[in-house]
Amino acid sequence: MSRQEKTEYIEQIRNLLQSYNGFTQIEKNYAHLHLPTWIEAKHEFDTFIHKFAEKFSLDIRPFLLEKELLKQET
């Protein structure tokens, strides 16, 4: 993924997070701040999932699946 593609992808995720009512503003701000270092490629959210769970004891997978950002494992 090019730098521009990554920037656009991160912005898309940020917009989805901000419009999602299931997270507090603190959780949204935390994700907004750290997303660029946590996301390396499209649909690769291992670090994001781990860091979010570590900080907030929250599983963010349902959000990622609902927004079709994470591919469902079969």
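User: Which residues have the most contacts inside the largest nonpolar core?

Analyst: In this predicted model, the largest nonpolar core has 19 residues, and those with the most contacts inside it are Leu17, Phe45, Phe48, Phe52, Ile60 and Leu64. Helix 1, helix 2, helix 3 and helix 4 are the elements that each give two or more residues to this core.

User: What is Phe45 in contact with, leaving aside its neighbours within four places in sequence?

Analyst: With those neighbours set aside, the contacts of Phe45 are Tyr9, Ile13, Ile39, Leu64, Leu69 and Leu70.

User: Why do the buried residues of helix 3 line one face of the helix?

Analyst: The general idea is that an α-helix has 3.6 residues a turn, so residues three or four places apart point the same way. Helix 3 spans residues 46–56, and Phe48, Ile49 and Phe52 are buried in it. Viewed down the axis of helix 3, these buried residues fall within an arc of 95°, so they line one face. Asp46 and Glu54, on the other side of helix 3, are exposed.

User: What covers the buried residues of helix 3?

Analyst: The cover includes helix 1 (3–19), helix 2 (25–38) and helix 4 (61–66). After helix 3 comes Ser57, with a positive phi near 50°.

Definitions and conventions:
Residues are numbered from 1 along each chain as its sequence is written. This is a predicted model: local features need pLDDT of at least 70, side-chain atom pairs count only at pLDDT 80 or more; totals for chains, interfaces and linings use all residues. Side-chain values use heavy atoms; hydrogens and water are left out. Buried means under 20% relative accessible area, exposed over 50%, partly exposed in between (1.4 Å probe, protein chains only). Helices (H or I, at least four residues) and strands (E, at least two) are DSSP runs, numbered from the N terminus. The arc is that of the directions from the helix axis to the C-beta atoms. Contact means heavy atoms within 4.5 Å. A nonpolar core is a set of buried Ala, Val, Leu, Ile, Met, Phe, Trp, Tyr and Cys residues joined through side-chain atoms within 4.5 Å.
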